[in-house]
Amino acid sequence: MGRRTWGKTVGALVLATSVTAVSGCRSSDDEDTTKPAAKAKTVSVEDATTTFQDAVTKFDTDGGCLEKEPGTCWEQMQALVEPARTLRKAMNSEKSVGADFWSPAYELIDTMEKGIAVGEDKGATAFGTNRPDVLGSAHDLSDWLDKNPIK
């Protein structure tokens, strides 16, 4: 019986210490000095479109992805996916049109994301290559944006 009483006493002390420590972490002075989190600035669809299409144009003018070996095009693939992600955020915040309008663009960006999620460039001739998912979809998205401008 002595062990049981001792265990309960130690448990109660640990609990009391924990509650005291946690409750002492914040004072009323802290409430007055906290600032609300700043909202991230959203890029306009027009600016995001320009940035994305510039990335596609740069990819093309730099020669694209000429090497067939795996791993030789990873940087170019990432350089196209990053502005596509920014474009998606801009599309999400655009209120002049609904999600139905953006549906084809979302699908193309999702395909790019699926291709980049592999985590590496599989090469041009590898079975299950991810280049068409990223590079082909980027070009298709650029074409779609030309046909469906938002100003």
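Reader: Which residues of α4 are buried?

Author: In α4, the buried residues are W74, M77, L80, V81, P83, A84, L87, R88, A90 and M91. Buried means under 20% relative accessible area, exposed means over 50%, and partly exposed lies in between, with a 1.4 Å probe and protein chains only. This is a predicted model, where local features need pLDDT of at least 70 and side-chain atom pairs count only at pLDDT 80 or more, while totals for chains, interfaces and linings use all residues. Residues are numbered from 1 along each chain as its sequence is written, and side-chain values use heavy atoms, with hydrogens and water left out.

Reader: What makes α4 a helix, and what span is expected of it?

Author: Helices are DSSP runs of H or I with at least four residues, strands are runs of E with at least two, and both are numbered from the N terminus. α4 has 20 residues. The expected span of a helix is 1.5 Å times one less than its number of residues. For α4 that expected value is 28 Å, and the reach from its first C-alpha to its last is 29 Å, close to it. The protein has 6 helices and 0 strands.

Reader: Happy with that! What do the buried residues of α4 pack against?

Author: They pack against α3, α5 and α6, where contact means heavy atoms within 4.5 Å.

Reader: What makes a set of residues a nonpolar core, and how many residues has the largest one here?

Author: A nonpolar core is a set of buried Ala, Val, Leu, Ile, Met, Phe, Trp, Tyr and Cys residues joined through side-chain atoms within 4.5 Å. The largest one has 30 residues, and those with the most contacts inside it are F52, L80, L87, W102, M112, L135 and L141. Two or more residues each come from α3 (45-61), α4 (74-93), α5 (99-116) and α6 (131-147). The largest share, 8 residues, is from α4.

Reader: Why is W102 called buried?

Author: W102 has a relative accessible area of 1%, and the limit for buried is under 20%, so W102 is buried. F101 has 27%, so this residue falls in the range between 20% and 50% and is partly exposed.

Reader: Why is the pair of F101 and W102 called edge-to-face?

Author: Rings of Phe, Tyr and Trp (its six-membered ring) pair if their centres lie within 6.5 Å; planes under 30 degrees apart count as stacked, over 60 as edge-to-face and the rest as tilted. The centres of F101 and W102 are 4.9 Å apart and their planes are at 80 degrees, so the pair is edge-to-face. By this rule the count comes to 3 aromatic pairs, and F101, W102 and W144 form one aromatic cluster.

Reader: How do you know that S137 is buried?

Author: S137 is at 6% relative accessibility, which is under 20%, so S137 counts as buried. This residue is found in helix α6 and touches L108, T111, M112 and P132, leaving out residues up to four places away in sequence.
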